[in-house]
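Dear colleague,

Please find the structure below. My notes on it follow.

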Amino acid sequence: MKYAFFPGCVSRGGCPELYPATKLICERLGIELQEMPAASCTGAGVLQEKNQLLGDTLNARTFAMAEALDLPILTICSTCQGVMSQANHRLKEPEYLAKVNGFLAEEGLEYKGKANPKHLLWVLVEDVGLKKLLGLITRPLAGVRMAPFYGCYIVRPTDALEFEDHPDRQTALEQIIETIGATVVDFEGKTRCCGFPILTINERNSMAMVGKHTLEAKELGADAMITPCPLCHLNLDSFQPKAAAQAGRPIGLPILHMPQAIGLAMGLSPHDMGLRRHIVNTTPLEVALGIPER
Amino acid sequence: MDVTLKIKRFDPEAADPESFWQDFTVAIEENGTVLDALIKVREDHDGTFSLRCSCRSSICGSCAMRINGHAGLACKTQASDAIKDGVITVEPAGNMTVIKDLVVNFDSFWDKINQIEPYLKPEGPEPEAEYIASNESMLHLSSVTSCIMCGSCVSDCTVMEVDPTFLGPAALAKAYRFTADPRDGDAEGVSKDRLEELTKPSGMWDCTRCMECVTACPKGVAPMDRIMALRDQAIEAGFTNTNGARHTEAFSDSVEHSGWLDELRLVPKSVGMTNVSALVGYAPIAIQALTHGKMPSIIHKKLPQSENVRKIFDKVEGPEERPRKHN
Ligand code: SF4
Ligand code: SF4
Ligand code: FES
C-alpha cells in the first residue's frame, strides 16, 4: 500500500512529534509513504479567505504531483484534508479545472481530476481495514476512557467530504478508539471548533473553547482526548494551561494525536511517540496503562 | 409509521423549573416531517407542549430547533431520515434562552440584526433618476436575501456559545447583503463606514471559520462564506490594522515566499510587532514550547521549487483577481 504523503506544515512545525509518530505506525501497517517535497501549504482556509482561486491552484498543483507519481494522497491533518477536499470538489467543474491548469502549465503540471486525498483516519478505516489494525495491537489501551475530537474541517461540509458515499467517515475516530481497546467518551464537543483559528485574534474566546471542550470531556470521565488534527492539538494541548487559568480550574487532560494513541497500542514507547514534547503531562495515562517510565 | 421522539422540555412555571427529557411515540405518515410528529405530540399526548411553527414549508423560519444535536427546520426534516437508533432527539435552538419547551427568546437575535443597521445607507450625492442596479448584482444578493431569519445558524455558532457579544452568522450575513449592494456606501458602492464598524471586536474577524452555520442554514445562505467576503472587502477598503487582517497577510506572505507556513513568525506578525503587551503574553507559552522541543525551527527553510509557488501567486493575484462586488 503506497501513498503520496502530504504531512502539512504543522506536523513539521508546531507539532513536530506528529511526523515521526506517523512514520512509525505506517511502517508497522505496511503503508509506504512517498514524500512530495515541493508540495506547498494547502492555504488552510486562510489563503482561501483572501483568494479562493489561488488556494485551489496551489492544491491542484499538489494533486498533479501525486497524479504524476500515480499515487493517492495521504494527509495527517483534518484542516489539510478539508481544504483539499473542498478544492477538489470545486475542481470537478471542467471549466474551472481548465482555468486552474492554465496557471500550472508553466511548471509542466496538469491536474486531470483524479486525486483522492485521504486522511490517515479514513485510510485506516477504508483502505487498511480495522481488522488489520486490530491484528497489530499488542497493548490494548484497556480501561482508558478516550474522548474523540475531530476538527471542523474533517466533518464539514459533508458534501465535499463525500460522507454520503462513505458513511463510516462520520464515526471513524470512535471506531479507531474501540479498535485500540479504549472506551469512547461521547461528548457534544467532538465535532465542534477548537478555537485555534482565532487564537491571535480573540484569545479569550479561543481559550474559552479549549476550556469548554476539555472540561466537558473530563466531566464525562475522559482520561485523554484523541485528535486527527494537529491544529486542534496545538490549541488543546499547548494552550491548555492558559485555558485552565482563564477557566479558574485545573484541567490536565492529555491530548493525543491519533497516530500516537495507535502507536502506544502497538507497543511503541511514549518516547518514540513524542509524548515528552507535549505540554500537558501524559505520564499519569502511561502509568495507568502500566507502561514503565523510562 | 411510528416514531419515538426524545424531547427536551422546560416549564418556567414549574415549582422547580429545570429542563428534562421526555419520550413520546406517535404515528405519522411515511413521508411525514419531524414537525408533523411534534404536532402530533401536542395534539394527542400533551396539550401543554410548546413549539413555534406556521408555514410548514420552510418559508416562515419559525420551526428552527436542534434535531439530533444540530440545528435545522423541523418542517424541512423528514422524520424517517432523522431516526437514529430508533429515536429522534429534539431540543430547543442553542445560544438563545429557552422560554418554554422548544420556544426560545429571539430578542438577542433581532438586537444583532438591528445592530448592523439593516437598510441601505447611500453616502454619495443622491442620484438624479432612479438607481439602476445591474441584474448581476441583484442575483448575487439573492443568495443572502433568501435568509428567512430562522436562527439555525445562530443556534450552532461555536463563537456565540462562548461569547454572546459576537455579532454572529445571521447578522454578519445580513451586513454583507448591504456591503455587497452597489447602492450602499460611497459613489463606488464601497460601504466604508459599515466595514469599519464590522472590523471592530465582536465583528467579522471573530469568526473561527468552523462552518457550523453553513451546515445549519436551510436556505443556502452560507453565512461563513459571506463573512469571508466581508473580510476581503474590509482589507480591500484599507482596514488592515486588525489582528485578523495581519494574520491573513502574514500567512499569505509566508506561503508565497517559502511555499509553506512559518508558524514562528505568524504570531508576532498577527498581533503586531509593536504590540509588546500581547507578545509578552505569549512568552510563557513560547518558553514552554521551547523546553519541550515543540518550537518550530528558527530558520524557516524554503521548500524546493518554492519559486514556482511564487509564480502562481503572481499569475493568480494579477489581473485575474476575482471580483469583489458585482456592479
Ligand atoms: S463559521 Fe463563524 S459565524 Fe459560522 S458558526 Fe462558525 S464561528 Fe459562527
Ligand atoms: S442565514 Fe440561514 S440559518 Fe441563518 S437565519 Fe438566515 S436562513 Fe436561518
Ligand atoms: S414552519 Fe415555517 S419554516 Fe418550518
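How many residues of helix α12 (residues 258-265) of chain A are buried? Eight of its eight residues are, so the helix is mostly covered, where buried means under 20% relative accessible area, exposed over 50% and partly exposed in between (1.4 Å probe, protein chains only). Helices (H or I, at least four residues) and strands (E, at least two) are DSSP runs, numbered from the N terminus. Among the buried residues of α12(A) are A:M258, A:Q260 and A:L264. After α12(A) comes A:G267, with a positive phi near 90°.

This is a predicted model, in which local features need pLDDT of at least 70 and side-chain atom pairs count only at pLDDT 80 or more, while totals for chains, interfaces and linings use all residues. Residues are numbered from 1 along each chain as its sequence is written, chains are lettered from A and ligands numbered from 1 in the order in which they are written, and side-chain values use heavy atoms, with hydrogens and water left out.

The ligands

Ligand 1 is surrounded by 14 residues (a heavy atom within 4 Å), and the closest are B:C157, B:C207, B:C210, B:M211 and B:C213. Its shell comprises ten nonpolar, two polar and two charged residues. Here Ala, Val, Leu, Ile, Met, Phe, Trp, Tyr, Cys and Pro count as nonpolar, Asp, Glu, Lys and Arg as charged, and the others, Gly among them, as polar. In chain B, α6 (158-162), α9 (212-216) and α10 (223-236) each supply at least two residues of that shell.

Around ligand 2 are residues including B:C147, B:C150, B:C153 and B:C217. This shell has nine nonpolar, two polar and no charged residues.

Backbone points

The peptide bond from A:R156 to A:P157 is cis, with omega near -10°; A:P157 is found in the loop between β5 (145-148) and α8 (172-179) of chain A. In chain B, two residues other than glycine have positive phi: B:E117, near 55°, and B:R209, near 65°. B:E117 is partly exposed, with a relative accessible area of 31%, whereas B:R209 is buried, at 6%.

With kind regards
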